[in-house]
Amino acid sequence: MNWKRKALVAAVVLAGVLFIACPKAVPGIPTLTPPDADVYQRATVSFKVKVADGGVKVRFVMARGDGAGASDTTEGSYDIGEEAIMSHRWDEVGDYTVKAIAILDDDPAKVSAEWSQTQTVTVLANDAPLAP
């Protein structure tokens, strides 16, 4: 094998080792956008969430402020900068504090350094229709 070929093979092997051995970036702090319309009890409401930097693909977890704890509410993973839609439904009227965090898809131990800025959602009464 000539020296050029050996150098090329060594460079490819080194690049592969560095790619595998280097820690992947921690996702940035997500941006959570609340719904732009009123929120009513027993009606599904959607939030937009995205992260601008860190990692390659991420999943999002949302804390909904209803005592149910945080729950993975995204199906699949999202590219950095890609907007995800997260949905929830509250059964009780009241004010709820909502926030999101990003998790690196291929390394769930790597999460955003912080939760997104909290958003307060006021859930309004949604009376059931009267029977005819």
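Here are a few friendly notes on the aromatic side chains of this predicted model.

1. Let's start with the overall tally. Searching the whole structure turns up 3 aromatic pairs.

2. Take F60 and Y78 to begin with. Their ring centres lie 6.1 Å apart and their planes meet at 45°, so this pair counts as tilted, because stacked would need planes under 30 degrees apart and edge-to-face over 60.

3. Are F60 and Y78 buried or exposed? F60 is buried, at a relative accessible area of 0%. Y78 is buried as well, with a value of 14%, which is so classed because buried means under 20%.

4. Now for W90 and Y96. Here the ring centres are 5.2 Å apart and the planes are at 25°, so the pair is stacked. W90 is buried, with a relative accessible area of 2%, and Y96 is buried too, at 10%.

5. Which residues form one aromatic cluster? The members are F47, W90 and Y96, so when you look at the stacked pair of W90 and Y96, please bring F47 into view as part of that cluster.

6. One last item concerns a charge and a ring. The charged end of K99 sits over the ring of W115, at 4.9 Å from the ring's centre.

Key
Residues are numbered from 1 along each chain as its sequence is written. This is a predicted model: local features need pLDDT of at least 70, side-chain atom pairs count only at pLDDT 80 or more; totals for chains, interfaces and linings use all residues. Side-chain values use heavy atoms; hydrogens and water are left out. Rings of Phe, Tyr and Trp (its six-membered ring) pair if their centres lie within 6.5 Å; planes under 30 degrees apart count as stacked, over 60 as edge-to-face and the rest as tilted. Buried means under 20% relative accessible area, exposed over 50%, partly exposed in between (1.4 Å probe, protein chains only). A charge sits over a ring if NZ of Lys or CZ of Arg is within 6 Å of the ring centre and within 35 degrees of the ring normal.
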